[in-house]
Amino acid sequence: MPEPLNNIAARAVAAIGTEIHSEEFRTSSHRLAQFAAAIGDAPGRVAPPTFAHIPVMQSMVEVIGRVTDAFALHGEHDYVFHAPIEPGQRLFSRSRLTGVRTNRAGLTLLITSDTETHLGQAICTQVSTVLVTGRADPVMAGGGPPPRPDAGPGTVQRAEMPISPARTLAYAEAARDYSSYCLNDADAAALGFPSPIVHGMLTLSLATTALVAVHAGGDSTRLRRLGCRFSYPLFSREGERLDLSHHADGMGLVAFAAADSTGRPVLTRGYAEVSA
Amino acid sequence: MKSPSRTVTDPRPAGWVTHGEVAPEWSAVPETSIIQLLARGCHEDPERPLILIEDGLRMTRRDFLARCERFAGHLRGIVKPGDNVAVMLDNRLEFMVAFFAIVACRGTLVSVAPTAKSHDAGHILNDSNPVAIIHGPDQTPVVEAITPGRGMTVIALGAAEPDGLAHLDGPRFDFRTAACQGGDCVSVYYTSGTTGAPKGCMLHHGWWLRVIDIDLRLFRRGSQDRQLCVLPFYYADPTLQLLTSLASSGTMIVMRRFSVTRFWDVVTKLDATELLSIASIPALLMTGAPGPSDRDHRMRLAIHAGLPKDIHRTLIDRYGFHWHNQYGSTEGGIMSRVPHALADELVGTGTMGVEPPGVTVRVADDDGNEVPVGEVGEALIAGADLYMGYLNRPEVTAEANRGGWYHSGDLVRRDERGLLYFVGRRKEIIRRSGENISASEVEAVLGAHPMITEAAVVPVPDAMRGEEVKAYLLVAAGVTMDSLPPADVLAHCAERLAGFKVPRYLEYRTEDFPRLASMKVDKQTLKSLTPDLTVGAWDREA
C-alpha cells in the first residue's frame with residue numbers, strides 16, 4: 001500500500017534545507033574516458049559536461065531518500081558550469097532540498113547541488129527536480145527551478161542517435177547508476193513501463209555531445225549553462241532512437257528538443273549557453 | 001532489528017584522542033544476521049555489481065543472491081543448524097556463494113586454506129568434524145587423501161566459474177525467511193598460533209555485524225566507492241569487504257592474488273577507491289620508479305595493519321591518498337585505527353590510532369594491571385561481540401579470556417594522548433643477554449633502508465647470550481655486500497635502535513622470501529633452509 005502523497009509532501013516541506021555531502025570523488029583519466037565513451041563522446045582532456053552529475057548523485061539520492069523511498073523520476077536538470085572537471089581532481093559535493101511543489105502530475109522535489117575541488121575552486125552548480133507521481137493537495141514551498149533562457153530563432157538542424165539496452169548498460173557502468181528499472185524488464189514492468197527506460201541523464205548527455213560538436217566547435221569548456229526537461233521516458237530497446245533537433249540563435253544560445261522513434265517528445269525546453 | 005539507541009560511555013581519560021563524532025551504534029547495519037543484511041542489500045539495489053574480479057567476472061547483487069539461494073536450497077538437505085561445512089577454495093566467486101548458503105542454513109563455514117596439504121587440512125577436519133567439504137579442482141588430491149572414512153559429503157566444483165556450484169542448484173531458499181540467530185556461529189578460521197596446533201576461532205553474526213558497523217561508521221563510503229580486495233578469500237577480511245561494500249552501495253573488486261605488476265592496472269581500470277592492505281604491500285608499491293600516472297587513479301584510502309612508518313609519508317606523497325594504520329585480529333575485530341581527522345598529523349608516527357567506540361584496549365602487565373603511559377604491555381581487549389571462543393578448546397579460550405579480557409599476545413604501548421603503538425608479538429621476542437628485542441621493530445628499521453626491500457629478523461641460539469639477532473635482507477637484484485656493505489646496514493640500525501638490538505648476523509637475498517598465504521614471511525621455512533643459521537651469514541663478530 002503506497003504512502004499517500006500528501007504525507008510525503010508534508011515530510012518534504014519539513015525537510016527543506018536538508019543538506020547532505022557526497023563522499024569525496026576523485027577523478028581519473030580512465031573514469032572520464034569511460035564516461036565519454038558511454039555517451040558517444042571522444043575522450044578528451046576534460047570530462048564531458050554532464051559528467052558533473054556523477055559526483056553529486058550520491059548526495060542527491062540521499063536527500064531524496066530522507067523524504068521518500070517511493071519511485072521518483074528525474075524531471076528537469078539545469079547545470080551552471082564554473083570550471084571543467086579534469087583528471088586528478090578531488091571533488092566535494094553537497095546537495096540540498098530547496099523546493100517542494102505539487103501539480104497534477106504529482107509531487108516535485110527540487111534539489112540544488114554544488115561541487116568544488118578540495119582547494120575550494122567552484123566546479124558546477126546543478127538544480128534538478130524529481131517527480132513522485134500521484135495525487136496531492138496543492139503545495140508550494142521553497143524555491144523553484146531557475147528561469148530558462150529563451151533562444152531566438154535560427155536554422156533548425158537534426159541528429160539521430162541510436163538507443164539500445166547495451167548503450168543503457170554502458171551508461172549505467174560509467175555513471176554507477178544501476179537503477180533497476182533502466183536495466184531489468186521485470187523491474188520496469190513492476191513500475192508500469194513496457195520496457196526498461198533510458199537514464200534521463202544519458203539522453204541529455206547524448207544530446208550535449210552533439211550540441212558541443214556543432215555549436216561549440218567540439219570544445220565543451222565553452223558551455224556555460226545547460227538544461228532541459230525530461231518530459232517522457234525513452235525506452236531502452238533495440239531499434240529505439242533519440243531524434244534531436246536544435247538551433248543556435250547567433251547570440252550564444254542554443255535551443256534543443258528530442259523525441260523518440262514514434263515522435264513523442266522526450267527532452268523539451270532544452271537550452272545551452274555557449275561562450276565565444 | 002536492534003535498538004540503535006544504545007550508547008557506550010567512552011571510558012577513556014580526558015585528553016586522549018578519539019575518533020570524533022561517530023554515527024550511533026548499529027546505524028550502518030541494523031540487522032541481526034549477515035543473511036538479513038545480504039538479502040536487504042541485494043533486493044534494494046539488484047542491478048548494481050557486488051563483485052568484479054580482475055580478469056572479467058562481473059556479478060550483480062541480484063545474480064549473486066540467486067546463486068546463493070539456489071545452492072542453499074540444495075544444502076538444506078545436508079546441513080542442519082550447528083553443522084560445520086569445510087570450504088577449501090581459491091579466490092573465486094563460488095567461495096562467497098558457499099559462504100552465504102552455508103550460513104543461511106544456520107551451518108558454520110570452516111575455512112581451509114586452498115593450499116593446505118593433508119597434514120594441516122586433515123587437522124582441521126579432525127578438529128571440526130564437518131558434514132561436508134566444498135573444494136575446487138586444485139584441491140582434489142588433498143581432499144581425496146583426507147576425506148575417506150569420515151562419512152562426509154564431498155562437493156567438488158563442477159563447471160567453470162561462476163557456475164561451479166550450479167549443478168547442485170536446489171529450489172530457491174528465500175533468505176528473507178532464514179531463521180539465523182545473532183549467536184549462530186557463522187565461520188571458523190584456524191589461527192596459526194605459535195604454540196600447539198592451529199585453533200579454530202569461532203565468529204558469530206554479532207562479531208561480523210559489529211566489525212561491519214564499526215568499519216562503516218569510522219569511514220563513510222558511497223555509491224561511487226569500490227573496495228579492492230587483494231587478500232585470500234579464506235580469511236575473514238574479503239567477506240567483510242563484500243558486506244561493507246554491499247551495505248554502502250559499493251562494489252568489491254577482487255584480485256585472484258596480489259601482484260604488484262598488475263596492481264595499478266586493476267586499480268585504474270576497475271576504478272578502485274579503497275584498499276585493504278597487508279604485509280609488505282606498501283614496500284612493494286614503492287619498488288618501481290615514480291611516474292606521471294602515479295596519481296591518475298581514484299584511490300582515496302588504504303587501511304593497513306603495521307605500516308612501516310618510514311615510508312608512510314613517501315607513499316602518500318607519491319600516490320596521493322591516505323594510509324590509515326589499523327590494529328585488528330580475528331578474535332578482536334577492529335581494535336584500533338588512526339582517526340580519519342587526525343590522519344595527516346599522525347603520518348609517520350607509526351601509531352595504530354585508538355580504539356573505535358565500544359572497544360577498549362588495556363595495555364597490561366603479566367598480572368593484567370594497566371601499565372603506565374609509555375611502557376610496553378600486552379594488549380587486552382574488551383568489547384561486545386568479540387569472538388565466541390576456540391572450537392573444542394574451552395580451556396584455551398578461558399585462558400585467553402581470563403579476567404574478562406581477550407589476551408591478544410601483542411605487545412603495545414600508549415603515548416600520553418592515548419595513541420597505541422605496536423611493539424611486537426609476545427612470541428616473536430628475541431631474548432638477548434636479558435634484553436627483549438622485538439623482531440618487528442628491527443624489521444621496520446631495516447625495511448626503511450632505501451636499498452632493502454624487506455627484512456625478516458629471527459633469533460639464533462647463542463651459547464653466550466642465549467639468543468642473537470639475525471636479519472635476512474631482501475635486496476634488489478644486483479645489490480651485493482659491496483654495494484651495500486654490512487657496516488652501512490649496521491650503522492643504519494645503530495642510528496635508530498639501541499645497540500643491543502642491532503643484528504649480529506646478516507644474510508642477503510635477492511630471491512623473495514618464502515611466504516604464508518597472508519604474504520607474511522614464512523620464518524619457519526626460511527630458517528629451515530639452513531640448519532645452522534650462522535652458516536653463510538655475515539657475522540659482525542667474526
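The contact between the two chains draws on 18 residues from chain B and 18 residues from chain A, where two residues are in contact if their C-beta atoms, placed from the backbone, lie within 7 Å. On the side of chain B that touches chain A, the residues divide into 1 nonpolar, 5 polar and 12 charged; here Ala, Val, Leu, Ile, Met, Phe, Trp, Tyr, Cys and Pro count as nonpolar, Asp, Glu, Lys and Arg as charged, and the others, Gly among them, as polar. The model is predicted, with local features needing pLDDT of at least 70 and side-chain atom pairs counting only at pLDDT 80 or more, while totals for chains, interfaces and linings use all residues. Residues are numbered from 1 along each chain as its sequence is written, and chains are lettered from A and ligands numbered from 1 in the order in which they are written.

Chain B contains 15 helices and 25 strands, helices (H or I, at least four residues) and strands (E, at least two) being DSSP runs numbered from the N terminus. Its radius of gyration is 23 Å, in agreement with the value near 24 Å that a compact globule of 542 residues would have; the radius is taken over C-alpha atoms, and the globule rule is 2.2 Å times the number of residues to the power 0.38. Along the principal axes, the C-alpha atoms of chain B fill a box of roughly 70 × 55 × 55 Å. Of the 542 residues in chain B, 52% are buried, a residue being buried if 20 or more other C-beta atoms lie within 10 Å of its own, exposed if 12 or fewer, and partly exposed in between, with C-beta atoms placed from the backbone. Among contacts in chain B between residues at least 6 apart in sequence, 66% join residues at least 24 apart.

An open sheet in chain B has 7 strands in the order 6-5-3-4-7-8-17, with mixed pairing; strands pair if DSSP finds at least two bridges between them. Strand 6 (153-156) and strand 17 (389-390) of chain B each have a single partner strand at the edges, so one side of each lacks a neighbour in the sheet. Within this sheet, strand 7 and strand 8 of chain B are antiparallel and share 6 bridges, with Ser187(B) opposite Leu203(B) of strand 8.

Helix 4 (residues 118-128) of chain B has Ala121(B), Ile124(B), Leu125(B), Asp127(B) and Ser128(B) as its buried residues. These pack against several elements of chain B, including strand 3 (84-88), strand 4 (108-111), strand 7 (185-191) and strand 8 (199-204), as well as helix 5 (140-146). After helix 4 of chain B comes Asn129(B), with a positive phi near 45 degrees. Helix 6 (residues 205-218) of chain B is mostly covered, with 13 of its 14 residues buried. From first C-alpha to last, helix 6 of chain B reaches 20 Å, close to the expected 20 Å, the expectation being 1.5 Å times one less than the number of residues.

A further open sheet of chain B has 4 strands in the order 15-16-18-19, with antiparallel pairing. Strand 15 (359-364) and strand 19 (420-425) of chain B are its edge strands, each pairing on one side only. Strand 18 (residues 406-414) and strand 19 of chain B run antiparallel and are joined by 5 bridges; Arg413(B) has Tyr421(B) of strand 19 as its bridge partner.

Turning to chain A, strand 5 (residues 106-117) has 9 of its 12 residues buried. Strand 4 (residues 90-103) of chain A is antiparallel to strand 5, with 12 bridges between them, and a hairpin with 2 residues joins these two strands. Here Phe92(A) has Glu116(A) of strand 5 as its bridge partner. Strand 5 of chain A also pairs with strand 6 (residues 122-133), again in the antiparallel sense, over 11 bridges, and Thr112(A) has Val127(A) as its partner in strand 6. The hairpin of strands 5 and 6 of chain A has 4 residues between the strands, and Gly120(A) takes a positive phi near 90 degrees there.

Elsewhere in chain A, Ser231(A) sits in the loop between strand 9 (223-230) and strand 10 (241-248). Ser231(A) counts as partly exposed because it has 17 C-beta neighbours inside 10 Å. Not counting residues up to four places away in sequence, Ser231(A) touches Pro265(A), Val266(A), Leu267(A) and Thr268(A). The C-alpha atoms of Ser231(A) and Gly75(A) are separated by 7.0 Å, although the two residues are 156 apart along the chain.
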